[in-house]
Amino acid sequence: MPSTIQRTLILIKPDALQRDLLGEVVQRFERKGLKIVGMKFMHLSEGMVDEHYAHLVAKSFYGSLKQFMMQTPVCAMVLEGLDSIDSVRKIVGSTNPREADAGTIRADLSMNVPSNLVHASDSVDAAAAEVKRFFKDDELFAYEKITDRYAFGEGV
Ligand code: ADP
C-alpha cells in the first residue's frame with residue numbers, strides 16, 4: 001500500500017514530566033524523522049479527560065487515571081510523517097510496558113500500566129478527532145525542513 005503523510009496526536013503524560021523524561025521522549029520522535037507541527041503544555045480539564053478516554057470511563061481504574069492525567073500539565077504534540085499513526089504507535093509500544101517490545105519508549109523507560117509515559121492516537125479516525133480536540137488550526141504549523149527530502153520525499 002502506498003504510504004501517506006499523516007498527522008498524529010501525542011500526549012506526554014505527567015509521569016514523564018515528573019521523571020524528567022520529556023526531552024528523551026521528544027528526542028525519540030525527532031530521531032525517527034517525525035516533524036513536530038504542534039507542541040504545547042496544557043492542563044487537561046475533567047471534561048477533556050472524559051472525552052479523550054471515553055472508552056474507559058466505565059473501568060474501575062478510571063478515577064485514578066483521570067486524577068493522574070490532571071496531576072501536572074501534559075505536553076501535547078502533533079507529529080507529521082509517513083504513515084505516522086502506525087509508526088508512532090510502534091515507537092511508543094504496547095499499553096503494558098512489561099509486554100512492550102524492547103526499544104520502545106514504554107518498554108525502555110517504564111514498568112507500570114497506569115504510568116506508561118505517552119498517549120498516541122491509534123487510528124486514522126482517532127488521530128483526526130484528537131488533533132482537533134487538543135489543537136486549534138492556528139496552533140499547527142506547516143513548514144519546510146531541509147531534511148524533508150530524506151524523511152518524506154524520494155529519500156535521496
Ligand atoms: P493506550 O494508551 O495504549 O492506547 P488504552 O486506550 O487502552 O491504551 O488505555 C489508555 C490508558 O489508560 C493507558 O495508556 C494507561 O495509562 C491506562 N490504563 C489502561 N489499562 C489500565 C489498567 N488496567 N489499569 C490502570 N490503567 C490502565
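Which residue forms a salt bridge with Arg-28? The partner is Glu-24, with the closest N and O atoms 2.9 Å apart. A salt bridge here is a side-chain nitrogen of Lys or Arg within 4 Å of a carboxyl oxygen of Asp or Glu. Please keep in mind that this is a predicted model, where local features need pLDDT of at least 70, side-chain atom pairs count only at pLDDT 80 or more, and totals for chains, interfaces and linings use all residues. Residues are numbered from 1 along each chain as its sequence is written, and side-chain values use heavy atoms, leaving out hydrogens and water.

**Salt bridges**
- By this rule, the count comes to eight salt bridges.
- Arg-28 and Glu-24 are separated by about one helical turn because they are four residues apart in helix α2 (residues 22–32).

**Ligand surroundings**

- Arg-89 has a polar side-chain atom 3.0 Å from an oxygen atom of the ligand.
- For Arg-106, an N or O atom in the side chain is 3.0 Å from a ligand oxygen atom.
- Pro-114 takes part through its backbone, with a polar atom 3.1 Å from an oxygen atom of the ligand.
- On its own the ligand has 530 Å² of accessible area (Shrake-Rupley method, 1.4 Å probe), and the protein covers 77% of that.

Notes: Polar contact = N/O pair within 3.5 Å; in protein donor to acceptor, adjacent residues only side chain to side chain. Helix = DSSP H or I, 4+ residues; strand = E, 2+ residues; numbered from the N terminus.
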